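The paragraphs below will walk you through it.

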Amino acid sequence: MKRRFFLHIALLLITAQHATVNGFGKNKVQYLDFSWRYIDTPHFQVYYHQDQGDLPEISAHWIERSYAWLSKDFKFKHRKKIPLIPYGSPNLFQQTNVILEVLPEGVGGFTELFKNRIVVPFTGSYEEFRHVLHHELVHAFQFGILYDQFGSAFMRSSNIQMPIWFAEGSAEFLSSGWDSKADMFMMDRTIFSVVPNPGPRLGGYMAYKGGQSFLYFLAATRGDKKFLRFLRAFRESKNVESSIRD
C-alpha cells in the first residue's frame, strides 16, 4: 500500500501521450487469455475474469455499500455507472491494459482518470481488499465531482487541479478513519523529521498520512458536520483551499 501513491500521482498529472512515451521500451506480457463477464449493479458494472470464485459478488456488494456512504457524504451521484475491474491476484493485475504504464510491484490499485475505471487486485486479505475498494471509490467521487458533469473534453482543457494531499488524504480518511498505522507514522515524523502544512510540500507517502491526519483533525476538532460541510463546499467550488476557508 505504501507505494500506491506513485501511480495516483501519475494518473492525476500525466496525459495519455506522456503515458505512451513513459512506457517506451517496456512491454506488458499477458500470460493469461482473459475471458470477461460482468455484473450489473445500481451504480457499477463489475467486470471480472475467470476463476475468481465469489470475489466478483463480494466486490459488487462492498462497492455498492461504500457508494451509499460516500454519496451521502459528498451529496453527489455519478451520471453513469462506474466500471469496477477486480483481478484475482497481483500478478494478473499487473497485466491490465486499462492503462499503458507498467505497474511496479506493490501497487495496490488505481482509479483511471479518463473513464473513472476502478482497478484493484485481490492480495489474499479481504479486509485490505475492502479498504482499497473504498479508497479507490473516493477517487472516483473526486473525479466525478471535478469532471463528470462537464465531460472529458473539459477535463483535458481545464486548469482544475486537486492537491495530492487532499486526493490521497481524503481517500485514506474516508476509507479507514484514523488507525494505529497512521498514528505511528505521524508520531515518528513529528519526533524525528518535519511535518509540513497541507500544501505543495506535503508529497510522497506523507501526502497519504499527512492529508489523512489533517482531515482527522478537522473532523475531531470541528465535528462531523463541519467535515461534511467541507466536503460539500469542495463539491460546489471544486477548490480545496476555498473550501478550507469556508
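Let us begin with the overall picture. What you have on screen is a predicted model, and its secondary structure amounts to 11 helices and five strands. The protein has 246 residues, of which 49% count as buried. If you take the contacts between residues at least 6 apart in sequence, 70% of these join residues at least 24 apart.

How far can you trust what you see? The mean pLDDT of the protein is 84, with 83% of the residues at 70 or more. Over residues 1-6, however, the pLDDT is below 50, and this stretch has 20 contacts in the model beyond near neighbours in sequence. Residues 9-25 also stay under 50 in pLDDT, and there the model has 17 contacts beyond four places in sequence. Among the elements of the protein, which has the lowest mean pLDDT and which the highest? Helix α2, covering residues 16-22, has the lowest at 39, whereas strand β2, covering residues 44-48, has the highest at 97. Where pLDDT is low, the predicted coordinates should not be read in detail.

Aspartate 51 is not a glycine, yet its phi is positive, at about 65°. Is aspartate 51 buried or exposed? Its relative accessible area is 78%, and because a value over 50% counts as exposed, aspartate 51 is exposed.

Next comes helix α3, which runs over residues 55-74. This helix has 20 residues and reaches 28 Å from its first C-alpha to its last, close to the 28 Å expected at 1.5 Å a residue.

How many cavities of 30 Å³ or more does a search of the whole structure find? The search finds one, and the volume of this largest cavity is about 30 Å³. The residues that line the largest cavity are Trp62, Arg65, Ser66, Trp69 and Arg130. With four residues, α3 gives the most to this lining. Sorted by class, the lining has two nonpolar, one polar and two charged residues.

Arginine 65 is found in helix α3, and its relative accessibility is 36%, so it counts as partly exposed, between the 20% and 50% limits. In sequence, arginine 65 and histidine 134 are 69 residues apart, but their C-alpha atoms are 9.3 Å apart in space.

Now please follow the chain to the loop between α6 (152-157) and α7 (164-176), the place of proline 163. Proline 163 has a relative accessible area of 18%; it is buried because this is under 20%. What is proline 163 in contact with, leaving aside its neighbours within four places in sequence? The answer is Val240 and Glu241. Proline 163 and glycine 211 are 48 residues apart in sequence, and 9.8 Å separates them in space, C-alpha to C-alpha.

Glycine 211 brings us to the last stop, helix α9, where Gly211 is one of the buried residues. Among the other buried residues of α9 are Tyr205, Met206, Leu215 and Leu218. Helix α9 has 18 residues and reaches 26 Å from its first C-alpha to its last, close to the 26 Å expected at 1.5 Å a residue. Phenylalanine 217 is found in this helix too, which covers residues 205-222. At a relative accessible area of 46%, phenylalanine 217 is partly exposed, because the value falls between 20% and 50%. Phenylalanine 217 and phenylalanine 227 are 10 residues apart in sequence and 9.6 Å apart in space, C-alpha to C-alpha. The residue that follows α9 is glycine 223, and its phi is positive, near 95°.

Notes: Residues numbered from 1 in each chain as written. Predicted model: local features only at pLDDT ≥ 70, side-chain atom pairs only at ≥ 80, totals over all residues. Heavy atoms only, no water. Helix = DSSP H or I, 4+ residues; strand = E, 2+ residues; numbered from the N terminus. Buried < 20%, exposed > 50% of the residue type's maximum accessible area, 1.4 Å probe, protein only. 1 Å grid on protein atoms, 1.4 Å probe; cavity = no way out; pocket = protein on both sides within 12 Å on 5 of 7 lines; lining within 4 Å. Points joined across faces, edges and corners; volume = space filled by probe spheres on them. Nonpolar A, V, L, I, M, F, W, Y, C, P; charged D, E, K, R; others polar. Expected span 1.5 Å × (residues − 1). pLDDT = per-residue confidence, 0-100. Contact = heavy atoms within 4.5 Å.
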